[in-house]
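Please walk through this structure with me, one region at a time.

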Amino acid sequence: MSLITTISNALRGGKPNRLRKSQDNSYEVASQWRLMWWKFKKHKVALASAIILLFFYIVAAFCEFLSPNLPEARFTEYKNSPPQKIHFIDPQTGFQFRPFVYGMSAKVDEKTFRRTFAPDPEKKYEIQFFVKGESYKMWGLIPMNVHLFGLKNPKDPLILMGTDKLGHDLFSRIIYGGRISLSFGLVGIVLTLVLGLVLGGISGYLGGVADTIIQRIIDLLICIPTIPLWMALTAALPKGWSAEQTYFGLIIIFSIIGWTGLARVVRGKILTLREEDFTMAARLAGASGFRIIRKHLLPSFASYIIVNVTLSIPGTILGETALSFIGVGLQAPVVSWGVLLQDAQNLETLAYYPWLLWPTAFIILTVLMFNFLGDGLRDAADPYK
Amino acid sequence: MLNYISYRVLQLIPLLFAISIIVFVIIQLPPGDFLSQYIAQLKNSGTAVSESTIASLQMQYGLDKSMYMQYFIWIKNIIIHGDFGRSFQYNQPVADVIGPRLSLTLIISLISLIFVWAVAIPIGIYSATHQYSIMDYVFTFIGFIGLAMPGFLIALVLIYFIFAQTGVAITGLFSPEFVDAPWSMAKVMNMLPRIILPVIVIGMSGTASLIRVTRGMLLDELSKQYVITARAKGVAENRLLFKYPVRMAINPLISTIGWTLPALISGEAIVAIVLNLQTTGPMLLKALMFQDMYLCGSFLLILSVLTVLGTLLSDILLAWVDPRIRFGGATE
Amino acid sequence: MSEEDEIILAMKDVKVHFHLDEGVLKAVDGIDLWIKRGKTLGIVGESGCGKSVTSQALLRIVPKPGEVMGEIKLYRKGKDGDEGIDLIKLDPRGKEIRDIRGGEIAMIFQEPMKAFSPVHTIGNQIIEAILLHATDDKEEAYRLGVDILKKVGMSNPEQRMDEYPHQLSGGMRQRAMIAMALSCNPSILIADEPTTALDVTVQAQVLQLINDLKAKNDTSVIFITHDLGVIAEMSDDVAVMYLGKVVEYTDVDTLFHGPKHPYTQALLNSIPAIGREMKRLESIEGTVPFPMNLPKGCGFYSRCKHAMEGACNSADIPLIEVAKGHFVRCLLVESEQGTTEVKV
C-alpha cells in the first residue's frame, strides 16, 4: 500500500516545480496558490458555484438598481397576489421582443371568501429597461431613480414572485433581503475569523495555561446547544435598538459562540506544524518566531483557513435566517431572507400562497453553493488527495 | 475503568459550574428583574398582589440580595429542592412546566440519534467497501445535500408539499384529542407515525455527516497494516471487515456522539417550532418572547447538562470499547 | 541451482500492474524466482522497486486496483503433486487461497505495532489464525498459542495472551508477530523488512530467531529488505530488484564476491566496510525513475555509469544465465561472455 501512496503523492504533489523564482523570494507561496487554482479549476461544480455566488453578491451589492420596485412599495390592489408570468406573445399582435406582463383582476371565491387573482388580458404592461422609476439612494448615498428594468409607471404592478399580505413585491424584497442575508455571512465570518485565529493561535502557539483556559472555554461553548443559546442571547438584545445595531449585535453573538470550530482547526494545525521538520529547520536557521509564523505557518494553513471559512459562512447565513424566521433575530421593516420567511410560518398561508416560500429557494441555493465551493476548495487545498 | 470514570466526572464539575453561571447571566440579561415583571403581569390581568406575597417571593429568590448571593440561592434551590424558579407566564414552578416538554425533546432526540446511527453506519460501511461505485457516488451526493440543507427549511418545504399533495397537515405530535391527555398506550400509538417525519428532518444532517465520517474512517482503516495482516492470515473478507476495521472505526464514531447529540438537541429546537411539536423549542421561544427568564434559563441549563451527560456517557462507552484509553497508555 | 534442492514455489513472468487514472503503473514487471525448501531467498532493492508488491502477489493480497499476471506455482507436499497449484488462477477472495494464506504461506511485517489490531489481545489474534488453519477446538488453539509464544522466546506466555499490542515492547511485538505467522506451521514464511523498525540489538535477536525456527521446521523464507548486511547474514540465494524487474539473481556468495550487474556493484560499493581502504563512500547518482510510462530498455540506464546509448535504451534487456544459477539482466555481461539468452 505504501508504494501506492508514495506513487500517488509523487504523481500529484511531488512534481518538480518549474515556476520561475520571482525576485521577492515568495515564489513558494505563489506556487501553492497556483497549484490550488489548477486543481480547483478541475472541480466544475465548485467553479460553477463560485460563479453563481459571485453573481448573487453582485446582485446584492446593486440591489437598489436591480430591483424593479422599492422594498417598502405596496401594491394595495394586489395583496397576496400570485406571481405574474412574463410574456412575449400578444394574442392580438403576435410575437414581440419587448417582454410584458398582464395585470391581475381579483375575484372573491364564493365558498371560501378568499380573493383569487387571474391575469387580466386587458391590462398589458410592457417591461422597460433602464427605466426611470421610484427614486432611491444608491448605497444610501447617491440619489438615483433609474432601475435596470420596470414598468413605465412605477405604480403599475410588476410582481414576478407574487406579493405578501401587505402587497409588497416579493421579488424586489428578495433582492434587497439578499443584501442583508448574504452580507451577514461575510461580515459575520470576519469577526469569527479574527476570534478564531487569535484564540486558536494563542492556544496552539503558546500552549500551557493559555491553551488550557481556551480549551476549557471551547468545551464549555460546545456543551450548550447552539440554537437555544442563540435564541436566548438574541432575545436579550434591547428591543429599542435600531436595525443596524441589531444586525451587529447578532453578528457579535454569532461570533462569540461560533469561533470555537475555527480556533480548533487553527490550534490543531499549529500543533502539527510546530512539530514539522521545516519549522524546526527554520528555527535552527535562526528565524524569529514572528518570521516562522509569517513565512512558514501562515502559508501552510492559509488554505485550510479559507476552506473552513467557506464552509462556515452558510452556517452563519442560516443562523440569521433561522432566528429572523422565528422572530427573535432581525425584525421588519428590515428585509432579510429570514424576515421574509416569517410570512410563511403557518400552514394556511403556505397552502394558499406558496410563492411566499421563494426565499427558501435562494437560501438553500446559497447554502448549497457555499458547500460545493468549500468542498472544491478543500480538495484543491489538500495536497494529498 | 472506575478511576477513569471518576476522573471524567470530577472534570465535569467546573464545566457545569461555568454553564450555570452563563445561564444565570442570561436570566439576568433583560432589564428589570423577574419579580417586577411578575407583578406587572398579575396587575395587568387584574389580580391584586399582596405585599406579603411579594415579600415572600423576594425572600425565596433572594431578590433583595447582591447578584452573587442571588446566584447561590438560585443554584441552591435547584440542587437541593429541584426548584428552578417560577414561570410567571404559566404561574407555576418552572419544573412542572418543563417536565413533559423536556421528556418529549429527549425522546425525539434519542430516536433521532438511533435513526442517525441505524441509517448512517450501514451506508457508510457500504460506501467505503464499494468506494467509487455508482451507489457510493449516489450516497455521497445525497449525504452532501443532507448536510447542506437546513432542517427547518426542509421541514417548511415538506409541510407545504405534503399538504399540497395529500391535504394532510403534518404538524404536531399528537391528534388534538391526545394533546393534553395523560400518557397512555393509545397516546404513544398516536404519536408514533407522527414522530417519523420530525425524526427524519432532525436527523438528516447528522446522518449525512455520520455517513461521511464512517466512510472516511473506514477507508482509513481498510488500508491499515493490521487489515493486511488479518488478510494474510487467511481471514475471510466479510469476517475481517467486521472484526477489524469496522470495530476500529466504531471508536471515533462513538466519540462523535459528543457533537451529534448537541446538534440534534439544538436542531430540534427550530424544527419543533416549524413543525409545531410540543417540545422545548416552541416553549423556549414563547418564554423568550415574554421574557419569562427563569423558564428559558432553565431550559438552557437542562439542555446543556443533558448534553454534558451525553458526552460523558459517550466517553465512558469509548473507554469501554478501546483498551488503549482504558489502560491509559495510548502510545502509537 | 543444485538438483537436490526441492522447489516449492516457482514464479514465472509475474507482473503486477496498477491501473491508475494517470496510466498503468508497472510495480512488478515480469519476474521469475524459485523458492527452495528450507532455504532463504533474499530480495533486495531500494524502496519502490516492487519487492513488497511481489510478496503481496504471492498471497494475492495486492491492493486495488492492482492486477496480478503470470504464473505462481505452489507445490504442497502430498497435495498438488508435480503439477502444483497456480495461485494466480485462484479467486483472491476464495476459500482455497485463504487456506494457503497463513496456513501454507505466512507473512511477517515491518512494523509490528501497526500489524496488530490495537483493540484485540495478542492471544485473540494468534488464536484466530490457529482456528482458521490448525484446529477447530478453542482450548487446543489456546494451548497451541501459548506453545508458539514460548517457542519464540516470550516470557510469561499465558499473560502475554491477554495483553494488548501497546503493552508490549517493539521486540516483543515482533516476536508475537513471528509467533502468529508460524503458529500454523507454514512451509513458506515471507518476512517483509521484519527488522527495519527495531533497535539494532533487537534486530539481531529477531534475525537469529527466524534462522533458528527456519532450521527447526524446515521452513522456506523469503526475506525482503533493503539492507545488504542483513541479506548476507540471512540468505542462501539473493534476487536484486530494480524497477519491478530482477536484475541479478544468484547465491549469496557469488553476489557479494562477483556481482555482475552495475546496479548490484553500485549497491555494494555504497556500503561502508571495515578494513576497506579509506575513501569516499560511493553513492548512486540520481533517483529511481517513476515506474510509469517508462522508456524502453534498461531501467537503470539513466543512472548507470556504463550505459551505452543506442544499445541499453533501445530494447528490453533479457535476463541471461552467465554461470550456473547466476542470472544477470545486462547487455555488458552479454557482450563480455556471449552466452545464450535463457528467458525474457
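Three strands of chain C, S1 (7-20), S2 (23-36) and S10 (245-251), each supply at least two residues of the lining of the second largest pocket. Strands (E, at least two residues) and helices (H or I, at least four) are DSSP runs, numbered from the N terminus. S2(C) gives the most to this lining, with four residues. The pocket has a volume of about 690 Å³. Of its 30 lining residues, the closest to the centre are Asp29(C), Lys245(C), Pro295(C), Gly297(C) and Asp316(C). A pocket here is an open set of points on a 1 Å grid over the protein atoms alone, where a 1.4 Å probe fits, with protein on both sides within 12 Å along at least five of seven lines; lining residues have an atom within 4 Å of a point. Points are joined across faces, edges and corners, and the volume is the space filled by probe spheres set on them.

This is a predicted model: local features need pLDDT of at least 70, side-chain atom pairs count only at pLDDT 80 or more, and totals for chains, interfaces and linings use all residues. Residues are numbered from 1 along each chain as its sequence is written, chains are lettered from A and ligands numbered from 1 in the order written, and side-chain values use heavy atoms, without hydrogens and water.

Stay in chain C. Strands S11 (319-323) and S12 (326-328) run antiparallel, joined by three bridges. Two strands pair if DSSP finds at least two bridges between them. Ile320(C) has Val328(C) as its bridge partner in S12(C). The two strands form a hairpin with two residues between them, and Gly325(C) in the turn has a positive phi of about 75 degrees.

Now helix H7(C), residues 170-182. Its 13 residues should span 18 Å at 1.5 Å a residue, and the end C-alpha atoms are 18 Å apart, which agrees. The expected span is 1.5 Å times one less than the number of residues. H7(C) is mostly covered, with 11 of its 13 residues buried. Buried means under 20% relative accessible area (1.4 Å probe, protein chains only).

Move to chain A. The buried residues of H6(A) include Asp211(A), Ile214(A), Gln215(A) and Ile218(A). Their cover includes H5 (170-206) and H8 (243-275) of chain A, together with H1 (2-28) and H13 (293-321) of chain B.

The unreviewed UniProt entry annotates residues 218-241 and 247-266 of chain A, among others, as "transmembrane region". Such annotations may be inferred rather than shown by experiment. Residues 247-266 of chain A are 100% helix. Residues 218-241 of chain A are 67% helix and 0% strand.

Notes
Buried < 20%, exposed > 50% of the residue type's maximum accessible area, 1.4 Å probe, protein only. Contact = heavy atoms within 4.5 Å.
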